[in-house]
Amino acid sequence: MNNIAIIGFGPFSQFFTPYITQNFSDVSVWNRSDKSEEAAKLDVKYVSLDEALSKEVIILSTSISFFEELLKNNAKIINPKAIVFDVASVKMKPVELMLKYLPQTCEIVATHPLFGPQSGKDGIEGKNMVICPIRTTKQICIIDFLANKLKLNVMVRTPEEHDKQMAYVQALTHFVARGVAGIKIPYTDQKTIAFEKLIDVRNLLAGDSDDLFLAIQNDNPFAKSVRLEFLNKLNDLNHDLNLENN
Ligand code: NAP
């Protein structure tokens, strides 16, 4: 793997780039809005989209809502020998789009790092990373790199297995966190551990973009039923409490 391009230089890419540059010297990035200063700070080349898509390794790290437009409009200029990774927080939709639009000769490895700028701010060693080796001959060396160089706990899953579990792990958790963030909780020094953990979850996810939240909820086909099950349970609990209190 001689040259690597990261497509999209948002919060996740900027957080993860140092882990790539520690191990590879030729790293380029492209972003929709100008992020050349951020690229210079992280010592990576800021290139055009055409140049980025000509690299041997292409890491798609934009919001999921842009995947289809990106792949559809640029299928002809993507290096047909590239190995294409994504890091999206859902897996079925991006994999479907990569299979639909990428040249047949591209290798495809879908990934989901189960950490981000907040949860990984003190380092990523031991953190979970899901990979879905969709079409690749390099699975062994990719897992070796992630597990032995980055010291991640690598989990191989199908896109469907990933999304089914993420409906609880992410869709439910982020839904609760946004709900808690939406109500004004007055300051208190009378804290319990459970209360502190709830506030921690809210704070941990507060920096996520709206695009990321929407993708976790709307692009995971299993998320809606989990949210509804949870809302119904809350309604039932409230109903039972009202009956008891009357
Ligand atoms: P994000 O809001 O999901 O993505 C931001 C990036 O997408 C920016 O580079 C933004 O460009 C670009 N973008 C958005 N709409 C675009 C469009 N229409 N055309 C071109 N570019 C567009 O935030 P993120 O946290 O950096 O996530 C990036 C990827 O990492 C996502 O696939 C996400 O699921 C995944 N991920 C995130 C985390 C996390 O904790 N943040 C963890 C694991 C995986 P501009 O700067 O120009 O707006």
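**Chat about the ligand site**

Q: Which pocket does the ligand take up?
A: The space taken by the ligand is the largest pocket, a pocket being, on a 1 Å grid over the protein atoms alone, an open set of points where a 1.4 Å probe fits, with protein on both sides within 12 Å along at least five of seven lines. This is a predicted model, in which local features need pLDDT of at least 70, side-chain atom pairs count only at pLDDT 80 or more, and totals for linings use all residues. Side-chain values use heavy atoms, without hydrogens or water.

Q: And where does the ligand lie relative to the domains?
A: Domain 1 (3–157) and domain 2 (161–245) both give residues to the shell around the ligand, so the ligand lies between them; the domain bounds come from an automatic or database assignment.

Q: How many residues surround it?
A: The ligand is surrounded by 25 residues (a heavy atom within 4 Å), and the closest are N31, S33, K35, S89 and S209.

Key: Residues numbered from 1 in each chain as written. 1 Å grid on protein atoms, 1.4 Å probe; cavity = no way out; pocket = protein on both sides within 12 Å on 5 of 7 lines; lining within 4 Å. Sits in = over half its atoms within 2 Å of the grid points.
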